[in-house]
Amino acid sequence: MMDDFSEYFPINEQGKECLRGIYFNNPSNKAKKIFFYPLWGAEYKVSYPYSIDRKYMNSFLIMYIQDGELSITFPDGSNNVAKKDSFIILDCKERNRYFTNTNCHFTFFHFNGNQAQFLYDFITKNGSHIFTANDDIKNDIYEIFNVFRSQIISAREESYSTLIYRFLINLSNSSSVIQIDKSTLHQTPKLVEEALRYIDDHFDEKLTTTNICKYLGVSSSLLAKNFKTYTNNSIHQYIISVRVIHSQRLLTTQPDMSVAEVAATCGFNDTSHLTKIFKSEIGMTPSKFKKMCF
């Protein structure tokens, strides 16, 4: 029997035009225990006074903004605006409010899964819920949304679980690297942008603040101050985050690679170094993470 989410659906939503959907999925008990599974999704065009204020629902929400702007009030009371070609990830078990004062066109889907909270917490651990959608993310969102249109989900639950898991891993790898919204980088000093690019390109090498500063031709104090201001991360923590995220990607996409090979590929000194950092950042060893994912 499908979970009854009807009480969470707003009645007489004003300012909403439903372009496609709403498409629903009825996950099996097996899916609820071991898979990621979609719940429902739709494509909307909305305008003022469209507004949703939802206090609780047992799901996670992805919204891809195709055009316009959507304002979001997060559980901590902070506010932000998601613009065209950005996407939002929300835990609906917490209170969230979103609305538009102009016009907005977005595609969304709700999903859940046994490990969904774990990945959500990792993706948003630095407080970011809005990210720029690169081509891989856009393709993943459209592919998952098309699942709903097919209406044959129950016969291919394992395949669709893989789609959602791949999306979350891509999100961890590309958008939550350091968990900063790349759409704000145009406001970031060129010095910090160059440092970010250098670290992203050389994370697998012996990387220190000293050799980064030497490459950029600046003092360590100047770079450290600007880096912390505009990324909310120290340089050291950024490097760790990049290496951990790349190690997660390899552990989940290259099952034949040993933990030692992953460590060497991602810039860690050795297996014990990777294990220590990974356990500190993720809460489990690389080996356990790999078994969980396969």
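## Stop 1

Begin by selecting helix H5, residues 190–202, together with helix H6, residues 209–216: their axes come within 11 Å and cross at roughly 125 degrees. That angle makes H5 oblique to H6. The crossing in which H5 passes H6 is right-handed. As you turn the view, remember that this is a predicted model.

Now show the side chains where these two helices meet. From H5, pick Leu191, Glu194, Ala195, Tyr198 and Ile199; their partners in H6 are Ile212, Tyr215 and Leu216. If you colour the residues of this contact by class, you will find seven nonpolar, no polar and one charged.

## Stop 1: H5 again, with another partner

Which residues of H5 meet H7? Select Leu191, Val192, Ala195, Leu196 and Ile199 on the H5 side. Across from them, in H7, are Leu222, Leu223, Asn226, Phe227, Tyr230 and Thr231. Sorted by class, the contact of H5 with H7 has nine nonpolar residues, two polar ones and no charged ones.

## Stop 2: H8 and H10

Next, hide those helices and select helix H8, residues 235–253, and helix H10, residues 271–282. Their axes come within 10 Å and cross at roughly 95 degrees. H8 and H10 are therefore roughly perpendicular to each other.

On the H8 side of the contact, display Gln237, Ile240, Val244, Ser247, Gln248 and Leu251; on the H10 side, display Leu274, Ile277, Phe278, Glu281 and Ile282.

## Stop 3: into the core

Time to look inside. The largest nonpolar core holds 48 residues, and Phe167 and Leu168 are the ones with the most contacts within it. Helix H4, residues 157–175, supplies the largest share of this core, with eight residues.

Centre the view on Phe167. Not counting residues up to four places away in sequence, Phe167 touches Ile62, Phe109, Ile137, Asp140, Ile141 and Ile144. Another core lies apart from this one; it has 26 residues, among them Tyr37, Met57, Leu70 and Cys104.

## Stop 4: a cis bond in a loop

Go now to Tyr48, in the loop between strand S2 (36–47) and strand S3 (51–54). Pro49 sits in the loop between S2 and S3 too. Zoom in on the bond that joins Tyr48 and Pro49: this is a cis peptide bond, with omega about 15 degrees.

Is Tyr48 buried or exposed? Its relative accessible area is 59%, so Tyr48 is exposed; the cut-off for exposed is over 50%. Leaving aside neighbours within four places in sequence, Tyr48 is in contact with Thr100, Asn101 and Thr102.

## Stop 5: two aspartates

Select Asp85 in the loop between strand S5 (79–83) and strand S6 (86–91). Asp85 has a positive phi of about 65 degrees, although it is not a glycine. With a relative accessibility of 27%, Asp85 counts as partly exposed.

Then move to Asp91, which lies in strand S6. At 4% relative accessibility, Asp91 counts as buried, because buried means under 20%. Beyond its neighbours within four places in sequence, Asp91 is in contact with Ser59, Phe60, Asn96, Gln117 and Tyr120.

## Last stop: the whole chain

Finally, zoom out and show everything. The protein chain has 11 helices and nine strands. Of its 294 residues, 48% count as buried. Take the contacts between residues at least 6 apart in sequence: 74% of these join residues at least 24 apart.

Definitions and conventions:
Residues numbered from 1 in each chain as written. Predicted model: local features only at pLDDT ≥ 70, side-chain atom pairs only at ≥ 80, totals over all residues. Heavy atoms only, no water. Axes fitted to C-alpha atoms, helices over the stretch in contact; angles between N-to-C directions. Helix = DSSP H or I, 4+ residues; strand = E, 2+ residues; numbered from the N terminus. Parallel < 35°, antiparallel > 145°, perpendicular 65-115°, else oblique. Left-handed = near helix turned anticlockwise from the far one by under 90°. Contact = heavy atoms within 4.5 Å. Nonpolar A, V, L, I, M, F, W, Y, C, P; charged D, E, K, R; others polar. Core = buried A, V, L, I, M, F, W, Y, C linked by side-chain atoms within 4.5 Å. Buried < 20%, exposed > 50% of the residue type's maximum accessible area, 1.4 Å probe, protein only.
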